[in-house]
Amino acid sequence: GGGSGGANNPRPVPPFTDVPGHWAEKEIRQAAQRGIVTGYQDGSFRPNAPVNRFEFTILLVRLLDLPEVEYNSMNLPFKDLHAIPLWARGFVASAFEAGIIYGDEAGYFNSTSNLTRVQMAAMLARALGLVDGEDDGQAHLPYQDAARIPSWARSSVAAVTALGLMHGN
């Protein structure tokens, strides 16, 4: 759902009908209390559902307590702007202006596409100011499938891994 709010203002934690007993219950409730995440209208949180690009963008904007900005065709130049829900466009514009998100080579945001782990790592690393630019080949990646991580994401994956924000499985 939509709505903004400062990440530092405690909020009542929704009961989330599907969170009790989940391995991330504590973290989900903390994020809800900070206003970073919200549930769905049916009272669920859907903790195991995939996250798409605009949902994760909103999480990052709320986490950083960035102001929601008014969008227009100049500050949100994606060819598929129509696919971003109206209530989310200010958040997406804020993330775009902050350099957290970019479109693809063709100029599309692909808002409802599910995120890969490398895309998530890149967005998180940019949001936290951990990296900029391509990997110089020196990134330490402790994963068995590290060779499959694209060069544009290697330094981001290494940075979020080093901070303990991402782990292998």
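A residue is called buried when its relative accessible area is under 20%, exposed when it is over 50%, and partly exposed in between, with a 1.4 Å probe and protein chains only. The structure read here in these terms is a predicted model, in which local features need pLDDT of at least 70 and side-chain atom pairs count only at pLDDT 80 or more, while totals for chains, interfaces and linings use all residues. Residues are numbered from 1 along each chain as its sequence is written, and side-chain values use heavy atoms, with hydrogens and water left out.

The chain has five helices and zero strands, so that from the N terminus its elements read α-α-α-α-α, where helices (H or I, at least four residues) and strands (E, at least two) are DSSP runs numbered from the N terminus. Of the 169 residues, 40% are buried. Among the contacts (heavy atoms within 4.5 Å) with a separation of 6 or more, 62% join residues 24 or more positions apart.

F109 counts as buried because its relative accessibility is 0%. Beyond its neighbours within four places in sequence, F109 is in contact with R53, F54, T57, F78, D80, I84, V92, I101 and Y102. For one of these, I84, which is 25 residues away along the chain, the C-alpha atom is separated from that of F109 by 8.6 Å.

The largest pocket holds about 1700 Å³ of space. A pocket is, on a 1 Å grid over the protein atoms alone, an open set of points where a 1.4 Å probe fits, with protein on both sides within 12 Å along at least five of seven lines, and its lining residues have an atom within 4 Å of a point; the volume is the space filled by probe spheres set on the points, which are joined across faces, edges and corners. Its lining has 41 residues, and V37, F45, V51, F56 and L59 lie nearest the centre. Two or more lining residues come from each of helix 1 (25-33), helix 2 (53-64) and helix 4 (117-127), with helix 2 giving the most, eight residues.

L128, L130, L163 and L165 form a nonpolar surface patch with about 340 Å² of accessible area together. L165, in the segment after helix 5 (151-162), counts as partly exposed because its relative accessibility is 47%.

Note on methods
Patch = residues over 30% accessible without salt bridge, like charges linked within 9 Å, V, L, I, M, F, W, Y side chains within 5 Å. Areas by Shrake-Rupley, 256 points an atom, 1.4 Å probe, with all protein chains shown as cover. Salt bridge = Lys/Arg side-chain N within 4 Å of Asp/Glu carboxyl O.
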